[in-house]
Amino acid sequence: MEINEKNGVPCSNADTVRLYQSIYQNAQLGMGSAAKLLSYCANDKLTEILTGQQRGYTAILRDAANSLALSGIRPVGLKAAEKIKTCLVIHCATANDCDHSHIAALMIMGTTKRCIVGAKQKRLYTCASDNSQALMERLLRFQDASCRTLREFL
């Protein structure tokens, strides 16, 4: 068993796998939310931003999946109930008000929640590999930049 150089705690591959799984699920949720909100979006500039976010989440998701595959582990995505819940929340939230500021606010709220969860996961799995920590940091920076970009529509 390896020893983590940062804090001297024994490390296992389990923290790395859990962090990659968390990244995978976080990116999957962001990608799915952006795709669902795109179907309600009529503003060209917001459509372009959401499409870019969808591509960014897809790239991070692929990196996490590839890293897991190299370890011989199959990525575990969101459960069907979580996907349905996300679709239902978006559908209900856009039922009465579907203007571009409301769509941007929904994406900002979802991204902020995912960012908080990601930061907690990063802190929880301190023994994870440097590559997995770097990918989580990339995801958190991407989410922060996404929120800043979407604020102009509020």
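Start at Gly-72: it sits just after helix α2 and takes a positive phi of about 80°. Before moving on, a word on the ground rules. This is a predicted model, where local features need pLDDT of at least 70 and side-chain atom pairs count only at pLDDT 80 or more, while totals for chains, interfaces and linings use all residues. Residues are numbered from 1 along each chain as its sequence is written, and side-chain values use heavy atoms, with hydrogens and water left out.

Now select residues 44-70, which is α2 itself. Helices here are DSSP runs of H or I with at least four residues, strands are E runs of at least two, and both are numbered from the N terminus. α2 has 27 residues and spans 39 Å from its first C-alpha to its last, close to the 39 Å expected; that expectation is 1.5 Å times one less than the number of residues. At the start of α2, show the side chain of Asn-43: one of its oxygens comes to within 2.9 Å of the backbone nitrogen of Lys-45.

Next, jump to Asn-26, in helix α1 (residues 13-38). Is Asn-26 buried or exposed? Asn-26 counts as buried, at 6% relative accessibility. The scale runs like this: buried is under 20% relative accessible area, exposed is over 50%, and partly exposed is in between (1.4 Å probe, protein chains only). Leave aside the neighbours within four places in sequence, and Asn-26 is in contact (heavy atoms within 4.5 Å) with Arg-114, Gly-118, Leu-139 and Gln-143.

Time for the cysteines. A disulfide needs a pair of cysteine sulfur atoms within 2.5 Å, and by that rule the count is zero. Cys-87 counts as partly exposed, at 35% relative accessibility. Then pick Cys-115, which is in no disulfide either, with the nearest cysteine sulfur, that of Cys-147, 6.8 Å away. Cys-115 is also partly exposed, at 22%.

Finally, zoom out and colour by secondary structure. The C-alpha atoms fill a box of roughly 55 × 30 × 20 Å along the principal axes. Of the 154 residues, 40% count as buried. Residues 24 or more positions apart account for 80% of the contacts with a separation of 6 or more.

Definitions and conventions
Polar contact = N/O pair within 3.5 Å; in protein donor to acceptor, adjacent residues only side chain to side chain.
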